[in-house]
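Look over the sequence and the fold below.

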Amino acid sequence: MKTKEISKQVMDKVAIIMKTGMKSVVLVIVATSLSLAKDVPPKTKPEKAKPQTLSRGWGDNLDWVQTYEEALFKAKNGNKPLMVINHREDCPHSQALKKVFSDHKGIQKIAESFVLLNVIHDPTDKNLVLDGQYVPKIVFVDPSLVVRADIPGKYSNHRYTYEPDDIDLLYENMKKAQILLKTEL
């Protein structure tokens, strides 16, 4: 009987050692895992660049067309006047006019009734050249595809240019393009 008791005691001690050993093994595995784990920063969405729109900043909420040919087609088929804005991205006068144009609530509202095109290259249609190639230049075309040379700005040397201070004249000329359009057709 003594052998049975000794065997039982040995077995109990082995069981205790095994439990303690298992705990140690688990503890070593957890500690190793934690020490090998990297700090991963939380994922942040990269800032997306604002997509370049056809407005080029002249009125992002307005519908702009991409080409002069498309503009003529839409003006004729939609019976709407066309406004062509010729400008340059690196021209301070163009940038200043763009700012007041895009901020002017009246212009942004009335512009909804126009086919709108802004170009950063000189036009290929000689009818748009009028009194020379300069920027900024704003020309109106009626739905019968006639360039409205009779709606100039206020300068004699560059008749179709506008400065930021001329924004109210541009607004009135946009109204004039609509009124003349309605009485001529």
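What volume does the largest cavity have? The largest cavity has a volume of about 50 Å³. A cavity here is a set of points, on a 1 Å grid over the protein atoms alone, where a 1.4 Å probe fits but cannot get out. Grid points are joined across faces, edges and corners, and a volume is the space filled by probe spheres set on the points. Rolling a probe the size of a water molecule over the atoms shows where empty space is left.

This is a predicted model: local features need pLDDT of at least 70, side-chain atom pairs count only at pLDDT 80 or more, and totals for chains, interfaces and linings use all residues. Residues are numbered from 1 along each chain as its sequence is written, and side-chain values use heavy atoms, without hydrogens and water.

Start with the overall layout. The protein has 5 helices and 3 strands. These are DSSP runs numbered from the N terminus: helices are H or I with at least four residues, strands E with at least two. From the N terminus the order is α-α-β-α-α-β-β-α. Of the 185 residues, 33% are buried, meaning under 20% relative accessible area; exposed is over 50%, and partly exposed lies in between (1.4 Å probe, protein chains only). Among contacts with a separation of 6 or more, 70% join residues 24 or more positions apart. Contact means heavy atoms within 4.5 Å.

Back to the cavity. The structure holds 1 cavity of 30 Å³ or more. Its lining consists of Val-84, Asn-86, Pro-123, Leu-128, Lys-137, Ile-138 and Val-139. Strands E1 (82-86) and E3 (137-141) are the elements that give two or more residues to this lining. E3 gives the largest share, 3 residues. By class, the cavity lining has 5 nonpolar, 1 polar and 1 charged residues. Ala, Val, Leu, Ile, Met, Phe, Trp, Tyr, Cys and Pro count as nonpolar, Asp, Glu, Lys and Arg as charged, and the others, Gly among them, as polar.

Now the open spaces. A pocket is an open set of points with protein on both sides within 12 Å along at least five of seven lines, and lining residues have an atom within 4 Å of a point. The largest pocket has a volume of about 290 Å³. It is lined by 18 residues, and Gln-66, Tyr-68, Leu-117, Val-119 and His-121 are the closest to its centre. Helix H2 (68-78) and strand E2 (115-119) each supply at least two lining residues. The lining of the largest pocket has 9 nonpolar, 5 polar and 4 charged residues.

The second largest pocket has a volume of about 190 Å³. Its lining holds 13 residues, with Asp-63, Lys-80, Glu-112, Phe-114 and Val-115 nearest its centre. H2 and E2 are the elements that give two or more residues here.

Finish in helix H5 (residues 167-184), the place of Met-174. Why does Met-174 count as buried? Because its relative accessible area is 0%. Beyond neighbours within four places in sequence, Met-174 contacts Met-83, Ile-107, Ile-110, Ala-111, Phe-114 and Phe-140. Met-174 and Ala-111 are 63 residues apart in sequence, yet 7.9 Å apart in space, C-alpha to C-alpha.

Gln-178 is also in helix H5. Gln-178 counts as buried because its relative accessibility is 18%. Leaving out residues up to four places away, Gln-178 touches Pro-81, Ile-110, Ser-113 and Phe-114.
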